[in-house]
Amino acid sequence: SGINAEYWQVTYHQYWTTSTKEYVSTMGSEKMSVVFSIPHQPSALVKALGPFQSNNINLTHIESRPLAEDENKYKFLCNLEITNEEDEARFKKAITELYDISGKDCVKVLSRRDTDNTTKDSEEVPWFPIKIAELDRFASQILSYGSELDSDHPGFTDEVYRKRRKMFADIAFNYKHGEPIPRVEYNDAELATWRTVFTRLSTLFETHACKEFRKVWPLLVQNCNYNKDNIPQLDEVSKFLKDCTGFTLRPVAGLLSSRDFLAGLAFRVFHSTQYIRHGANPFYTPEPDICHELLGHIPMFCDPDFAALAQEIGLASLGASDEWIEKLASLYWSTVEYGLCAEDGSVKAYGAVCLSSPEELENCVLDSANKLQFEWESISKTRYPEPAVALQNVYYIGTSFTESKNKIREFSSRIPRPFTVHYNPYTQSVQLINKRANCVKMIRDLANEMKTLEDAVNKLED
């Protein structure tokens with residue numbers, strides 16, 4: 001779960017104005033990334049970074065890794081920010097100079113540009129993916145962690161751990177939609193951490209987790225080899241998940257912005273980390289990790305009603321303003337991460353943070369825990385710090401996933417967008433419903449579905 005709960009503090013989106021076909025910067029700065037490859041030779045990097053230095057462009061982050069398809073070349077990822085038109089002019093000049101050094105085919109600029117999926121009726125709509133493959137555009141634009149760790153991270157001084165994190169980051173950075181997720185051989189230290197977490201949580205699930213979780217847990221044990229001595233492979237889990245609800249996994253190196261992470265949910269794609277927390281403190285992690293994903297999220301995403309709820313939040317985020325993204329992020333955290341539900345007179349957990357943390361799981365069901373009914377006005381004002389440094393001080397209880405999904409749909413209707421979005425599972429793409437012809441086609445499709453349902457009911461009556 002790569003969502004960043006404090007996304008609203010990061011103001012970097014560019015907006016596309018369709019009437020003028022120009023980008024209009026409306027909110028502070030825009031974060032961008034440049035990926036390029038150069039031959040491995042003395043002073044090659046100094047030469048390649050020269051255009052940025054000569055044009056006074058401040059790089060906020062630099063990473064390098066060997067090029068998988070050519071061992072004689074290195075690939076570099078550089079992050080930077082564009083804050084005004086002058087910065088943009090210098091950036092364009094630097095890229096032109098970099099083309100001369102590295103070759104145009106070896107340079108790629110990652111941003112929310114070069115798209116034409118907005119509508120004629122829109123004036124300012126943030127870019128969003130239309131096709132599932134377009135998730136590749138921002139998958140490497142993580143906001144924190146990845147292979148670089150903060151000084152207060154438990155693994156900061158552990159060189160072996162840092163090298164492993166770089167390996168996991170490389171897998172995520174190189175992954176493209178449609179590819180199998182590479183298998184990982186976890187080492188003894190990683191398996192020991194998993195064993196500790198798995199064993200402790202397994203004793204709590206039967207009494208603290210919701211019935212939907214308890215129903216699918218033995219199926220994961222049977223089909224995905226969930227057990228204390230094995231960390232399941234993301235590719236195998238993704239295939240099982242797809243059979244259950246149509247959701248799939250894609251590896252991610254660290255935290256994505258709220259906008260990018262939620263966009264994945266719209267396509268029934270869950271961005272999952274593949275690394276594991278540091279063993280120094282197996283019951284705490286300042287970031288999502290494989291324990292959080294596999295033990296907290298995956299069982300719930302196997303439930304059709306829960307999957308529909310999560311996708312509804314994702315669809316609501318497409319084309320929404322930053323203000324509404326902030327509200328949707330709060331909604332996501334209140335449900336998918338920290339959600340509780342009423343079950344046979346008691347309270348059970350379905351949120352992944354609760355289900356993947358023994359302390360949080362025990363705390364959330366206590367009578368003394370602050371619990372509120374699922375109500376939008378309260379949820380929209382709740383803030384969730386990232387990383388979580390203490391137990392959550394308020395939880396929200398829903399009656400059913402279907403009811404919560406309907407409330408989310410009602411809420412999303414308030415989002416000021418000049419269109420409605422509809423996900424087409426056959427093409428794995430989003431359709432913009434903004435013209436009469438679109439509506440007519442949807443009505444015809446629904447009529448066909450109703451005819452099929454009518455035939456089924458008639459046969460049952462016979």
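Predicted model: local features only at pLDDT ≥ 70, side-chain atom pairs only at ≥ 80, totals over all residues.
Residues are numbered from 1 along each chain as its sequence is written, and side-chain values use heavy atoms, with hydrogens and water left out.

**Asn79.** I found Asn79 in strand E5 (residues 70-82). Helices (H or I, at least four residues) and strands (E, at least two) are DSSP runs, numbered from the N terminus. Leaving aside neighbours within four places in sequence, Asn79 is in contact (heavy atoms within 4.5 Å) with Met32, Ser33, Asn58, Leu59, Thr60 and His61.

**Whole chain.** I got 16 helices and 17 strands. Of the 462 residues, 54% are buried. Among contacts with a separation of 6 or more, 68% are between residues 24 or more positions apart. The chain exposes about 21400 Å², and carbon and sulfur atoms supply 50% of that; accessible areas come from the Shrake-Rupley method with a 1.4 Å probe, and for residues only the protein chains shown count as cover.

**Four-stranded sheet.** I traced an open sheet of 4 strands in the order E13-E12-E15-E14, with mixed pairing. E13 (346-349) and E14 (371-373) are the edge strands, each pairing on one side only. Neighbouring strands here are turned by 40° against each other on average, direction ignored; the axes are lines fitted to C-alpha atoms, for helices over the stretch in contact, and angles run from 0 to 180 degrees between N-to-C directions. Two strands pair if DSSP finds at least two bridges between them. E12 (residues 340-343) and E15 (residues 395-398) run parallel and are joined by 2 bridges, and Leu340 stands opposite Ile397 in E15.

**Asp344.** I then checked the loop between E12 and E13, where Asp344 lies. Asp344 has phi near 55°, a positive value in a residue other than glycine. Most residues other than glycine have a negative phi. Asp344 counts as exposed, at 79% relative accessibility.

**Asn225.** Here is another positive phi in a residue other than glycine, near 60°. Asn225 lies in the loop between helix H6 (211-223) and helix H7 (234-245), and counts as partly exposed at 39%.

Why do I call strand E17 (residues 429-433) largely enclosed by the rest of the structure? Because 4 of its 5 residues are buried. E16 (residues 420-424) runs antiparallel to E17, with 5 bridges joining them, and Val421 stands opposite Leu432 in E17. The hairpin has 4 residues between the strands, and Gln428 in the turn has a positive phi of about 50°.

**Arg183.** I placed Arg183 in the loop between helix H3 (159-174) and helix H4 (188-202). Arg183 counts as exposed at 53% relative accessibility. Not counting residues up to four places away in sequence, Arg183 touches Gln233 and Glu236.

**Leu453.** Last entry: Leu453 sits in helix H16 (residues 436-461) and is partly exposed, with a relative accessible area of 49%.

Key. Buried < 20%, exposed > 50% of the residue type's maximum accessible area, 1.4 Å probe, protein only.
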